[in-house]
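Here is a friendly walk through one structure, with a few features to look at on screen. Have the sequence and the 3D view ready.

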Amino acid sequence: MDKFIIRGGNRLNGTVEISGAKNATLALMPAVLLSGGVCRLSNAPRLRDISTMSALLEQMGMGIKHPGTTLELDASAITHFEAPYDLVKKMRASFYVLGPLLAKFGSAKVSYPGGCAWGPRPVDLHIKALQKLGAEIEIEQGYVLAKAKRLHGATITFDVSSVGATGNTLMAAVLAQGSTVINNAAVEPKITQLANFLVEMGARIVGIGTNHLLIEGVDALHPADDDNIPDRIEAGTYLTAAAAAGGTVTVNGVNPAHLEAVTAKLEDAGCTLGYGERSITISSDGALRPVNVTTAIYPGFPTDMQAQWLALMTTAAGSSRVTDTIYLDRFNHVPELQRLGASIDINGNSAMVRGVAQLTGAKVMSTDLRASASLIIAGLIAKGQTEVLRVYHIDRGYEAVELKLRNLGADIQRVDSEEY
Ligand code: EPZ
């Protein structure tokens, strides 16, 4: 089990290349099941979650190559329609195979996702939507057993905006007989990317980018290639790290429009930001104003940036409140930040942070992907040495994070560790 050893106090300066969006890739890959042939996804990041999705699809018969940052997926010989527990328990996004398997093959056996580091993270909206499209669904021994001769169109209204349920429903509706309307669809950039990819494959979708989607089912889709969007959460994480440590950093290969809620808050905190067509440059002296944040669905402040923002506020010049409205208990990073000297109280789904003069390095433990990012940011500004254990969590969603940070001037090493 690897750990990171970080010596705090260095400013960050330079340019970091942002990888392709992890969460978009995790939806685009299952969508290839609908194509019946070979699709190429460029700008696909090399991450543990992508390897997990690849393993899941390969055991169904998908041929997968990952030369450089292009994923080549061959769906011409899919023979198994099952997502086993030992893979789904590693990554909840495995549940995205349910919709395309049902639509293309009429059958799917997908393990119920297990627990997460926070939650609950139900899948009731996915199940209800697929049933409205005509799927017969039973739950047996922790598995969702789904069958459908041919799905039929329906009007689906989500009472909660759900990225995953919107994705699964989209991938099912494109091959259903007749029209489907999705009301209160998620509008995160990854959903827009997925919808555009499905259209490239021959799907008929109107309203892309809005929360009202109309899908006209077709009999078959064909292979297509796709150029993935950049990872807005990776970019936001490096911008927040630079804000905390001080210095001038440019994140390159991004879509600034995807990050407006985050960059606005960084400006409120006293950072100076400049914008290029595919880049954002931040300058910070590390002395920050306290800024309240409440997470929301896109285009609001992303819940996947909540932990990183909390780390940033630990040494701000005053008190701030960070509220998560998407996941009400996504605060496993707080006890670890407190070990570094942060002054944080949790009250329901809000964390009240009182800025302290300085954090002090300590041994801390990652509990999940974004909590790991939060602890790394805190380690970059803590006095002395911080050891972050269980960094396999961060390898799920950040490509070569210690190399990218070292290139910016951080003192961070990855070492093998018996500790866990
Ligand atoms: C996606 O998860 C992301 N994962 C998450 O990123 C992200 O935090 C989340 O969207 C919210 O933006 C991927 O894209 C792989 P949801 P997802 O369905 O699709 C409730 C990361 O760090 N809900 O939009 O699972 C749910 O409880 C990960 O990269 C239901 O009630 O999220 C939550 O409160 C973590 N019933 C809200 O909707 C359902 O059937 C949003 O969840 C489904 C969801």
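The sections below cover a helix pair, the cysteines and the aromatic pairs.

## About the model

This is a predicted model, where local features need pLDDT of at least 70, side-chain atom pairs count only at pLDDT 80 or more, and totals for chains, interfaces and linings use all residues. Residues are numbered from 1 along each chain as its sequence is written, and side-chain values use heavy atoms, with hydrogens and water left out.

## Two helices side by side

Two packed helices are described by the angle between their axes and the distance between the axes. Here, the axes of helix α1 (residues 22-31) and helix α2 (residues 48-58) come within 10 Å and cross at roughly 10°. The two helices are therefore roughly parallel to each other. Helices are DSSP runs of H or I with at least four residues, strands are runs of E with at least two, and both are numbered from the N terminus. Axes are lines fitted to C-alpha atoms, for helices over the stretch in contact, with angles from 0 to 180 degrees between N-to-C directions. Angles under 35 degrees count as roughly parallel, over 145 as roughly antiparallel, 65 to 115 as roughly perpendicular and the rest as oblique.

Which residues make the contact? From α1 they are Lys 22, Thr 25, Leu 26, Met 29 and Pro 30, and from α2 they are Asp 49, Ile 50, Met 53, Ser 54 and Leu 57; contact means heavy atoms within 4.5 Å. Nine of the 10 residues of α1 are buried, so this helix is largely enclosed by the rest of the structure. Buried means under 20% relative accessible area, exposed over 50%, and partly exposed in between (1.4 Å probe, protein chains only).

## Cysteines

A search of the whole structure finds zero disulfides, a disulfide being a pair of cysteine sulfur atoms within 2.5 Å. Cys 39 is buried, at 0% relative accessible area, and Cys 271 is buried at 6% relative accessibility.

## Aromatic pairs

The whole structure holds two aromatic pairs. Rings of Phe, Tyr and Trp (its six-membered ring) pair if their centres lie within 6.5 Å; planes under 30 degrees apart count as stacked, over 60 as edge-to-face and the rest as tilted. Phe 81 and Phe 105 are stacked, at 4.7 Å centre to centre with 15° between the planes. Phe 81 lies in the loop between β5 (71-74) and β6 (82-83) and Phe 105 in helix α4 (residues 98-105), so the pair ties together parts that are 24 residues apart in sequence.

Phe 301 and Trp 309 form an edge-to-face pair, with 5.7 Å between centres and 80° between the planes. Phe 301 is buried at 4% relative accessibility, and Trp 309 is buried at 0% relative accessible area.
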